[in-house]
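Here is a short note for a colleague who is new to this structure. Please read the points with the model open beside you.

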Amino acid sequence: MFYSHVIDDALESKVGKQGLHRAALDRELANASKALDKFRQWKADGTLPLLSLPGARDDLAPLKPHAERFAKFEHVIVLGTGGSSLGGQTLVALKDQGFGPQNGRPKLWFMDNVDPSTFTELAARLPLARTGLIVISKSGTTAETLTQFLTLLPEFEAKVGRDRLAEHVIAITEPSDNALSRLAGRIGCPILDHDPRVGGRFSVLSLVGLLPAMIAGLDVAAVREGAASVLDPVLEASDAGDLAPAVGAALSVGLARERGIGTTVLMPYCDRLGYFGFWYRQLWAESLGKGGNGTTPVRAMGTVDQHSQLQLYLGGPADKMFTVLILDTAGKGKPIAPAALGGDKTLAYLENRSLGDLLLAEADATAATLAKNGRPTRVMRITSLDERVMGALMMHYMLETMFAAHLLGVDAFDQPAVEEGKILTRQYLAARVSSTGHRP
């Protein structure tokens, strides 16, 4: 297993009245076990293709030529929103920590909003003649993505010409007659099929997340191997009691029911997991927030939020569950030479210590302090972070979300409230056109 999962400090026996009683945890786990046959059936009959992706490899070879072609650009823009963007961002962060890509690879820009100022700056700053464009919308009707695409197309055409436009664009959408497929068809660019049965926030192991990852130079087969290391034991189990994703779901749901814990905070101590927190936040919120159910996910970062949020976490309302995700960074980075301290005795604790030593000490101290103050805290640890570990973490949270949905009695794969907002958005745009006589 690529990570450890310890919930002791979230139980009543360790943190007092805000922790979950073992009997309540066991009740939730017994219920979670009932989901196992359902998951197996979903995989067997193809209802949930997500469960077949970790073991699949034959779909990767057709992606390779597209990845190799786009890897020759200086820049690649990825248009999409929500799950069409966050999974790819999370994976690419393993290779690009904000200082640019690896040698010989393009810089990937994930454009997941529609602020006009940002797109004006993007078009002005990037050399579009040396830039690729990937457009992702499962339905092919996402208003934000279509507007992004239609905004940038004239800019690309002005730089590369209509005849070469198709060389710079790839569209990813479900195989149907939709707006994106029609736009891409008119351009003549490749249209890659997005399986309509794989929802956006669960799509990171599909081409949606893996094509950008391949362009960035990741070993995407290893991502799936890591995911399989978590999924396979779940599909083979007869009882959920020892399955980390089920235990995490039972803990979260149990704390909400028994202790009124309505917020769950994920706090990784690793910059490369920054986007992972955003990815998790959408996955948990959009999958579970239905019919008055769900808990509010909060993305925090260690050590940054020790200086902005920890006071609230420790001294504010006792209504939160915490997951501290710790990478073993002991000895990482250059140690501070004793001579650099200039004899200052107040700095003696830094002697021969590195940034990695400090990061790990702060992570351990935060987890211990939260528990000491009666805040339910689980600790997940990883000894390294690579494609396999990331795949394992992502599969853990997708399964934890699915178990939690089962416990709450909600459908993890729909988003009715979001759809309502999309309908109203189109109505408001149409009303503006009608009232002004021209498009806004």
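1. Aspartate 364 and arginine 381 form a salt bridge through their side chains, 2.8 Å from N to O. This is a predicted model. Aspartate 364 is partly exposed, at 30% relative accessible area. Arginine 381 is partly exposed too, at 37%.

2. Now take helix H14 itself, residues 355–372. Its 18 residues should span 26 Å at 1.5 Å a residue, and the end C-alpha atoms are 25 Å apart, which agrees. Its buried residues are Gly356, Asp357, Leu360, Glu362, Ala363, Thr366, Ala367, Leu370 and Ala371. What covers them includes helix H1 (12–15), helix H13 (310–315) and the strands S7 (263–269), S9 (320–327) and S10 (377–382). Glycine 374 follows H14, with a positive phi near 80°.

3. The structure holds 20 salt bridges. One of them joins the side chains of arginine 27 and glutamate 258, at 3.6 Å from N to O. Arginine 27 lies in helix H2 (residues 22–33) and glutamate 258 in helix H11 (residues 244–259), so the pair ties together parts 231 residues apart in sequence. Glutamate 258 is partly exposed, with a relative accessible area of 39%.

4. Lysine 107 and aspartate 96 form another salt bridge, with their closest N and O atoms 2.7 Å apart. Lysine 107 is in strand S3, and aspartate 96 is in the loop between H5 and S3, eleven residues apart. Are these two residues buried or exposed? Both are buried.

5. The loop between H5 and S3 also holds leucine 94. Leucine 94 has 14% relative accessibility, so it counts as buried. Beyond its neighbours within four places in sequence, leucine 94 contacts Leu218, Arg272, Leu385, Asp386, Glu387 and Met390. The C-alpha atoms of leucine 94 and arginine 272 are separated by 5.9 Å, although the two are 178 residues apart along the chain.

6. Last, the sheet. Five strands form an open sheet in the order S3-S2-S4-S5-S6, with parallel pairing. S3 (107–111) and S6 (191–193) stand at the edges with a single partner strand each, so one side of each has no neighbour in the sheet. The twist averages 20° from one strand to the next. Five bridges join S2 (residues 75–79) to S3, and valine 78 stands opposite phenylalanine 110 in S3. Helix H5 (residues 83–92) lies across S3 and S4 (131–136), running at about 150° to S3.

How values were computed:
Residues numbered from 1 in each chain as written. Predicted model: local features only at pLDDT ≥ 70, side-chain atom pairs only at ≥ 80, totals over all residues. Heavy atoms only, no water. Pairing = 2+ DSSP bridges. Helix = DSSP H or I, 4+ residues; strand = E, 2+ residues; numbered from the N terminus. Axes fitted to C-alpha atoms, helices over the stretch in contact; angles between N-to-C directions. Contact = heavy atoms within 4.5 Å. Expected span 1.5 Å × (residues − 1). Buried < 20%, exposed > 50% of the residue type's maximum accessible area, 1.4 Å probe, protein only. Salt bridge = Lys/Arg side-chain N within 4 Å of Asp/Glu carboxyl O.
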